[in-house]
Amino acid sequence: MSMSTDEEAKEYLYKVLVIGEASVGKTSIIKRYVHRVFSAVYQATIGVDFAMKLLPWDDHTLINLQMWDIAGQERYGNMTRVYYREAVGAFIVFDVSRSATFDAVQKWKNDLDEKVHLPNGKPVPCILLANKCDKPKEGIVIDAKKMEEYCVEKGFLQWYETSAKDNINIDAATHSLVAKIIENEKYNNWHEEHDQYNKLVNLRESGMRQNNDCC
């Protein structure tokens with residue numbers, strides 16, 4: 001997308017977490033989105049890794065999307081609080097061909113909601129990715145209606161069937177999450193400006209009352 005020459009584009013840095021059980025395809029999703037590549041052979045992530053994607057959002061907005069790849073075993077440690085810090089959105093990933101990885105989704109969601117929040121105290125927006133949809137499915141993911149109900153009940157923004165191998169819905173899911181992040185930021189900025197305005201009004205009224213008292 002081209003940038004306007006009349007006004008310099010504003011740049012934003014957004015940290016997004018990609019979490020879930022081991023071997024569900026988190027690294028593959030990131031590599032597909034950031035580098036446009038897929039390999040069936042990846043070493044297991046140890047600890048944490050991240051990749052950066054420059055995303056021209058509109059004529060006046062550039063987004064530096066920092067995608068953090070958290071190892072599947074990290075939920076059982078104490079370091080996730082450090083890894084999650086300053087995140088503004090998240091993907092939780094499970095493997096449609098292994099229902100046990102879906103069973104662990106709620107534990108990851110609980111861990112996320114416990115350890116990171118938006119400035120207004122609400123949970124960060126989170127999208128559920130039913131990955132490896134190029135494989136046979138098992139469990140609740142077979143029923144789209146039940147998945148919709150699950151996401152509403154558990155506080156997910158929405159869910160997508162994805163495949164890093166076949167490049168299915170990864171761009172769409174990321175676009176949806178970034179759009180929600182931008183919406184949240186605009187809302188928070190509006191409230192900050194509104195609070196500052198109210199403070200000025202209160203100070204002005206307080207000064208007028210003091211002047212009247214002196215009179």
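Student: Which helix is Lys-109 found in?

Tutor: Lys-109 sits in helix α4. Keep in mind that we're looking at a predicted model.

Student: Is Lys-109 buried or exposed?

Tutor: The cut-off for buried is under 20% relative accessible area. Lys-109 comes in at 2%, so it counts as buried.

Student: What does Lys-109 touch, leaving aside neighbours within four places in sequence?

Tutor: Its contacts are Ile-92, Cys-126, Lys-154, Gly-155 and Phe-156.

Student: How do I read burial along a whole helix?

Tutor: Start with the general idea: an α-helix has 3.6 residues a turn, so residues three or four places apart point the same way. Now the case here: in α4, which spans residues 105–115, the buried ones are Val-105, Trp-108, Lys-109, Asp-111, Leu-112 and Lys-115. Looking down the axis of α4, these buried residues fall within an arc of 160°, so they line one face of the helix.

Student: What do the buried residues of α4 pack against?

Tutor: Their partners are β1 (10–20), α2 (80–84), β4 (89–95), α3 (99–103), β5 (126–131) and α5.

Student: Where is Phe-156 found?

Tutor: Phe-156 is in the loop between α5 (144–154) and β6 (158–161). With a relative accessible area of 6%, Phe-156 is buried. Not counting residues up to four places away in sequence, Phe-156 touches Ile-92, Val-105, Lys-109, Cys-126, Ile-127, Leu-128, Tyr-150 and Cys-151.

Student: How many residues apart along the chain are Phe-156 and Cys-126?

Tutor: They are 30 residues apart along the chain, and their C-alpha atoms are separated by 5.4 Å.

Key:
Residues numbered from 1 in each chain as written. Predicted model: local features only at pLDDT ≥ 70, side-chain atom pairs only at ≥ 80, totals over all residues. Heavy atoms only, no water. Helix = DSSP H or I, 4+ residues; strand = E, 2+ residues; numbered from the N terminus. Buried < 20%, exposed > 50% of the residue type's maximum accessible area, 1.4 Å probe, protein only. Contact = heavy atoms within 4.5 Å. Arc of directions from axis to C-beta.
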